[in-house]
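Okay everyone, thanks for coming. Let's take a few minutes to look at one protein together, starting with the picture.

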Amino acid sequence: MRAQWDIVLDKVMAQSDHSALVTLFELLLTEEERSAVASRFKIFQTLLHEQMSQRQIAQEYQISIATITRCSNYLKHMTEEQRELIKQLTL
């Protein structure tokens with residue numbers, strides 16, 4: 001399965017045109033899945049800023065506490081180097 005995921009990533013990385021990338025993601029992901037990815041991205045950005053509590057994030061972005069907690073726990077178990085990389089990728 002990993003090799004198949006790598007093929008998908010290669011196809012995504014090969015897209016230099018924004019509209020082609022949008023079309024590719026619309027093909028690969030449902031609207032609900034795209035929304036979930038966008039929500040998780042926003043959660044990671046907000047958690048890394050360390051300016052809002054989990055409850056504030058949930059209220060501000062209408063995201064479940066459970067999803068925010070999963071993201072928070074994921075960050076807590078990362079090495080400092082991994083957290084720095086995630087910060088660079090999302091902020």
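Before anything else, one term: a residue is called exposed when its relative accessible area is over 50%, and buried when that value is under 20%. Keep that in your head. Also keep in mind that this is a predicted model.

So, what are we looking at? The protein has six helices and zero strands, and if you walk from the N terminus you read α-α-α-α-α-α. The C-alpha trace spans about 35 × 30 × 25 Å along its principal axes.

Now back to our term. Of the 91 residues in the protein, 22% count as buried. The accessible surface is about 7100 Å², and 56% of that belongs to carbon and sulfur atoms. As for charges, there are 10 positive and 12 negative ones, and their mean positions sit 6 Å apart.

Okay, two residues I'd like you to find. Go to the loop between α3, residues 31-49, and α4, residues 54-61: that's where Glu50 is. Glu50 isn't a glycine, yet its phi is positive, about 55°. Buried or exposed, what would you guess for Glu50? Its relative accessible area is 57%, so Glu50 is exposed.

With a relative accessible area of 69%, Gln62 is over the 50% cut-off, so it counts as exposed.

Notes: Residues are numbered from 1 along each chain as its sequence is written. This is a predicted model: local features need pLDDT of at least 70, side-chain atom pairs count only at pLDDT 80 or more; totals for chains, interfaces and linings use all residues. Side-chain values use heavy atoms; hydrogens and water are left out. Helices (H or I, at least four residues) and strands (E, at least two) are DSSP runs, numbered from the N terminus. Buried means under 20% relative accessible area, exposed over 50%, partly exposed in between (1.4 Å probe, protein chains only). Accessible areas come from the Shrake-Rupley method with a 1.4 Å probe; for residues, only the protein chains shown count as cover. Lys and Arg count as positive and Asp and Glu as negative; His and the chain ends are not counted. The place of a charge is taken as NZ of Lys, CZ of Arg, CG of Asp or CD of Glu.
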